[in-house]
Amino acid sequence: MNDRRNFLRGVSAGALALGATAASRAASLPEAVYQASPQMQPPRPPETGRPFRPVATLNGWSLPWRMATGNVKEFHLVAEPVVRELAPGMTARLWGYNGSSPGPTIEAVEGDRVRIFVTNKLPEHTTVHWHGLLVPNGMDGVGGLTQPHIAPGKTFVYEFQLQRAGTFMYHPHADEMVQMAMGMMGLFIVHPRDPGFMRVDRDFAFLLNAYAIEPGAAVPRTAEMTDFNLWTWNSRVFPGIDPLVCRTGDRVRVRVGNLTMTNHPIHMHGPHFTVTGTDGGWVPPTARWPEVTTDIAVGQMRAFEFEAIAGDWAIHCHKAHHTMNAMGHQVPNMIGVDHSELAERISRLIPDYMAMGDKGMSDMGAMRMPLPENTLPMMDGKGPFGPLEMGGMFSVVKVRDGQKPGDYADPGPFKHPAGTVAYEYEGPMPSEPARAAEPAMDEHTMHVHKPQGHEGHEH
Ligand SMILES: [Cu+2]
């Protein structure tokens, strides 16, 4: 997973086309760092500045900084079009920062002063809003309200001090509907000044986002309000989402921010968790209660914590449609209809035709229905016992006794202790299962009232 070669370091100042007047108060532009790979960069302790325990951004990475005079951490974000693999078999043409969508995670410490350079390489203007951070009003990034927009080719500088620790986000506040539907967002983690405060062994972070990409297409439909078909964590869908790899007994934190247009009840199997962080900060221990699902509303951030128990524990959004990949939402219910030959013939005429199976949807997990190019099956993933029949917002918390501290490599399937797996009953079956008699359908049951003009309406 750790592949520093994925880092394409170095973009010349010339390539960034800095205007003579831009950023005149800041001394020089820090080098921009890019990463296009969806492979998770394992957490790296800071080389300069106050110590902190870094987060693991699922399928993501953290942005390096340059330490400037006066202990100011300087970051360089580049807003630009990117190509993101959503899962093996499908890439999307999105907008993001520094080569990826979401952009890199920004990590700093409570009390730090940060200076963030934002270069706009998009075809239209943008800004960056620091969601949840208390900053001077003029640094809040609301285009037109608190600053002029950043025109294409220009670089703006944001500078502020971090007031409190917590989980925050960044995203544009300019042509938001388009820019967020295209994938522009990132995490901003502010660590506590005391690295021992609420210390955890593993600290995972991801954003909930969503795309409307027609089967066979690669660019999101940005005008969509409700009918999204790709429900993503950090612009990835299962089976492309990294597992949350832990060691038995680890204290684990999971931070989630929601930048979709609907709520997501995030459910974890296995160990109960407590919500330890909200938008308002850390929850005092006396105010926490155990949960197995926590709903994350639009625009909210939540952190929850648990003690890791050995196993492969599913973690997913509990809205069933959010654990499916792209589908035409007009798909008819075909249970009981054998139409496999028909589906193949139709898909030759209509390349994005997707059919439902004749016994349910699980046909799609078990066998391959015809699919348009650059399109993922609705349900995918293989486990040690067969197809997982999942997509979208789904991953696995993989907890192992022998996982070394700091090792995030996928340990493979869980080895269940003998006698702890559900098994098939092989004893005798009754020949005639006893059932209640089915109620007879009479004329009354079947009578259908059809509207007949307006004569039935009495006022
Ligand atoms: Cu959901």
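**Entry 1: a strand pair**

I started at I266, which stands opposite C317 in β23. I count two strands as paired if DSSP finds at least two bridges between them. Strands (E, at least two residues) and helices (H or I, at least four) are DSSP runs, numbered from the N terminus.

I note that this is a predicted model: local features need pLDDT of at least 70, side-chain atom pairs count only at pLDDT 80 or more, and totals for chains, interfaces and linings use all residues. Residue numbers start from 1 along each chain as its sequence is written.

**Entry 2: the five-strand sheet**

I looked up the sheet around this pair. Five strands make an open sheet, ordered β15-β26-β23-β17-β21, with mixed pairing. At its edges I found β15 (244-247) and β21 (293-296), each pairing on one side only. From one strand to the next, the twist averages 20°. For such angles, axes are lines fitted to C-alpha atoms (for helices over the stretch in contact), and values run from 0 to 180 degrees between N-to-C directions.

**Entry 3: the four-strand sheet**

I moved on to an open sheet of four strands, in the order β7-β12-β11-β9, again of mixed pairing. Its edge strands are β7 (106-109) and β9 (129-131); each has a single partner strand, so one side of each is left without a neighbour in the sheet. Here the twist averages 25° from one strand to the next.

I checked one pairing in it. β9 and β11 (residues 166-171) run antiparallel, with three bridges between them. H129 has H171 in β11 as its bridge partner.

**Entry 4: A217**

Where does A217 sit? I found A217 in the loop between β13 (202-211) and β14 (230-233).

A217 and E373 are 156 residues apart in the chain, and their C-alpha atoms are separated by 8.2 Å.

**Entry 5: chain totals**

The chain has four helices and 26 strands. Of its 459 residues, 41% are buried. Of contacts between residues at least 6 apart in sequence, 73% join residues at least 24 apart. A contact needs C-beta atoms, placed from the backbone, within 7 Å.

How values were computed: A residue is buried if 20 or more other C-beta atoms lie within 10 Å of its own, exposed if 12 or fewer, and partly exposed in between; C-beta atoms are placed from the backbone. Two residues are in contact if their C-beta atoms, placed from the backbone, lie within 7 Å.
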